[in-house]
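Trainee: I'd like to learn how to read a few features in this model. Could you walk me through them one at a time?

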Amino acid sequence: MQPKISAFFERQETDPDPISGDGEGNGQGNVGAATEAKRKANGCRLDGLVSKKRNYAQLHLELGQPDFVLHTCSVCGMMYARGNDEDEKVHRAYHKSYSEGVPFKGWKKETVIARSEGGDRVVLATDENSCMSKSKVREVITVVEKELGFGEGKLLHKLCKVYLYISAQRIVGCLVTEPIKTGHRVIPSSTEGSPNDLPVSSTERGKNGHTLEFGSISFKREIIRRHSRSVKNKEECQDPGAILCETEAVPVLCGFRAIWVAPSCRRKRIASKLMDVARKTFCEGRTLGISQFAFSPPTSSGKGLACRYCKTSAFLVYKDGPV
């Protein structure tokens, strides 16, 4: 075995280098050049590999959460991807526009139809004055559609008039009106006139109590119902559900298609001011009476607004449809 191992190493030492040349000096030069070329080739290959190396970063951790892909804001209702800088930026802008109003610096040609002492104004946008196609109107209408549940692009048509309430360089209120021909009077619910349903600040003791007797000692338990004093209006704490209307149609001229006020500016009579201005300017030369306009099917807060503005629960409503 030892002779075979010795012969193997002797053969390796005596074999000529295939890269080297015939002469000794020439062989050393070729070996050096080949080694340098090989090193450069390897270096270039390594540089190429480094430049093509992929970076893997974990952006999300899925643990079964329901809003893994998109998160829905509980205030403005917008869906966005948390952690995405672009989505976060868009959400911040939309959230501020929703809660505080859409930024508005004004137009060169505005149709201002009302002004207040504090500097607020009401601007009219119609298809005739070319304001309906402006970007700010579309931005406000997008907020109103999402808030009131309209389909995208389903709120406006060519006959609509849009009243914008401007305050502190922001659009904080919007009223969309349209011409209609008939409406129907709401039938007040039977529970609305019952005094038992009105919120009061007193306690009621139940008539049917429970008596517990222990020998000659008896205990009587009474049920006490307490009503919250924080409820200001019964309409706000009732779900409108299905609104029942009279079958007889009433002739009307104007329909309030949608009313919206920024959350931070509510309870300031902005919606009432918009409706007042619309009643005075919708038909040229006349002011509409309470029985000459109707509301589209309202939400719970819209029903409360209609009752307060008309001072009756038997206000007029109309069904959306072709004019």
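Mentor: Let's begin with a covered helix: in helix H6 (residues 300–310), 8 of the 11 residues are buried. Buried means under 20% relative accessible area, exposed over 50% and partly exposed in between, with a 1.4 Å probe and protein chains only. Helices (H or I, at least four residues) and strands (E, at least two) are DSSP runs, numbered from the N terminus. Before going on, note that this is a predicted model, where local features need pLDDT of at least 70 and side-chain atom pairs count only at pLDDT 80 or more, while totals for chains, interfaces and linings use all residues. Residues are numbered from 1 along each chain as its sequence is written, and side-chain values use heavy atoms, with hydrogens and water left out.

Trainee: What covers the buried residues of H6?

Mentor: The cover includes strand S14 (254–261), helix H5 (270–281) and strand S15 (293–295), with contact meaning heavy atoms within 4.5 Å. Among the buried residues of H6 are Lys303, Leu305, Cys307 and Tyr309.

Trainee: How do I read aromatic pairs, and how many does a search of the whole structure find?

Mentor: A pair of aromatic rings is described by the distance of the centres and the angle of the planes. Rings of Phe, Tyr and Trp (its six-membered ring) pair if their centres lie within 6.5 Å; planes under 30 degrees apart count as stacked, over 60 as edge-to-face and the rest as tilted. The search finds 6 aromatic pairs. Take phenylalanine 293 and phenylalanine 295: their ring centres are 5.7 Å apart and their planes are at 75°, so this pair is edge-to-face. Phenylalanine 295 counts as buried, at 5% relative accessibility.

Trainee: Why is the pair of phenylalanine 295 and phenylalanine 315 edge-to-face?

Mentor: Because the planes are at 80°, with the ring centres 5.8 Å apart. Phenylalanine 295 sits in strand S15 and phenylalanine 315 in the loop between H6 and strand S16 (316–317), so the pair ties together parts that are 20 residues apart in sequence. Ring pairs link Phe256, Phe293, Phe295, Tyr309 and Phe315 into a cluster.

Trainee: Now a hairpin, please. In which sense do strands S4 and S5 pair?

Mentor: Two strands pair if DSSP finds at least two bridges between them. Here S4 (residues 112–115) and S5 (residues 121–125) pair in the antiparallel sense, over 3 bridges. Arginine 115 has arginine 121, in S5, as its bridge partner. The hairpin has 5 residues between its strands, and glycine 119 in the turn has a positive phi of about 100°.

Trainee: Where does aspartate 120 lie, and which side chain of opposite charge is nearest?

Mentor: Aspartate 120 lies in the loop between S4 and S5. For charge, Lys and Arg count as positive and Asp and Glu as negative, with His and the chain ends not counted. A salt bridge is a side-chain nitrogen of Lys or Arg within 4 Å of a carboxyl oxygen of Asp or Glu. Aspartate 120 is buried but has no salt bridge, and the nearest side chain of opposite charge, lysine 273, is 5.7 Å away. Leaving out residues up to four places away in sequence, aspartate 120 touches Ala114, Arg115, Tyr165, Ile166, Ser167 and Ala168.
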